[in-house]
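Here are a few notes to go with your first look at this structure. Have it open beside you and take the points in order.

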Amino acid sequence: MEIVEAPPGWPVNEAEALAVQDELRTRVVLDEPGPQVGTGPVTGVDVAYDDERDVVAAAAVVLDAATLTVVEEATAIGRVTFPYVPGLLAFRELPTVLAALASLTSDPGLVVCDGYGRAHPRRFGLASHLGVLTGLPVLGVAKNPFVFTYAEPGQSRGDFAALVADDGEEVGRALRTQHGVKPVFVSAGHRVTLESACAHALHLARDFRVPESTRRADALCRRALREVSGRA
DNA sequence: GCGACAG
DNA sequence: ATCTTGTCGC
């Protein structure tokens, strides 16, 4: 398996990255309802890092939304070319994630990624960026609230509270996916509404706090990283 | 100006 | 994200 490098012209510093976000943010579509919940393919994507060697492993796992069983898996190994900067995660992860997605033979359908979409300092998180580059419907499910504060949602599965930006816009939701457990933070990425994103997230988090799609992708990219860097 | 801050 | 032992619980 060859090592994925960032494509020509990919930002190499913060200033370039900010300019790219400012350009691409205008192409986000958030007025489409998105795929129907519980039907068709759903693809989870995630990455794992080896900071010592500046290597990143990406995984894309396609699930059947009706049964939450695995349909297809793909991985890619890439070189990290961008530092971790909160708000610029996409520039670290996306080249390798795109390669993993591209190697799938089946339709990804709706893509679910770790992190945010609209709920981002410049309204253009990882999920939105991935959506614009691929044209696919994408939503983001994060495990931490990032820069946004939220009211504690009710304790029941499905209860939620708004993630509100300075201008009053509801950019995401803190969603309780299992009774009494810490909520996850959902936002729309591209070609899905926030309502739809939350409905999908809840459906996918049928058995655990985190959606099955991201659990599978997380396990797979860690395994892929071990296979290339874990030994020696 | 300083710290916080998705993964 | 990742570094890491034991421990509580199903």
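1. A quick definition first: two strands count as paired if DSSP finds at least two bridges between them. Keep in mind that this is a predicted model. With that in hand, look at strand S5 (residues 110-114) and strand S6 (residues 138-142): four bridges join them, and the two run parallel. Within this pair, cysteine 113 sits opposite glycine 140 of S6.

2. Now zoom out to the whole sheet. It is an open one, built from nine strands with mixed pairing, and the order is S1-S4-S3-S2-S5-S6-S9-S8-S7. At the edges you'll find strand S1 (3-4) and strand S7 (160-164), each of which pairs on one side only.

3. Is valine 4 buried or exposed? This residue belongs to strand S1. Its relative accessible area is 18%, and buried means under 20%, so valine 4 is buried.

4. Which residues does valine 4 touch, leaving aside those up to four places away in sequence? They are Ala76, Ile77, Gly78, Arg79, Pro95, Thr96 and Ala99. Take isoleucine 77: it is 73 residues from valine 4 in sequence, yet their C-alpha atoms are 6.0 Å apart in space.

5. Last, the DNA. Around DNA strand C you'll see Ala48, Tyr49, Lys143 and Arg222. Lysine 143 has a polar side-chain atom 3.3 Å from a phosphate oxygen of DNA strand C. For arginine 222, a polar side-chain atom likewise lies 3.3 Å from a phosphate oxygen of DNA strand C.

Key:
Residues are numbered from 1 along each chain as its sequence is written. Chains are lettered from A and ligands numbered from 1 in the order in which they are written. This is a predicted model: local features need pLDDT of at least 70, side-chain atom pairs count only at pLDDT 80 or more; totals for chains, interfaces and linings use all residues. Side-chain values use heavy atoms; hydrogens and water are left out. A residue is near a molecule or strand if one of its heavy atoms lies within 4 Å of it. A polar contact is a pair of N or O atoms within 3.5 Å; within protein, one must be able to donate a hydrogen and the other to accept it, and residues adjacent in sequence count only if both atoms are side-chain atoms. Buried means under 20% relative accessible area, exposed over 50%, partly exposed in between (1.4 Å probe, protein chains only). Contact means heavy atoms within 4.5 Å.
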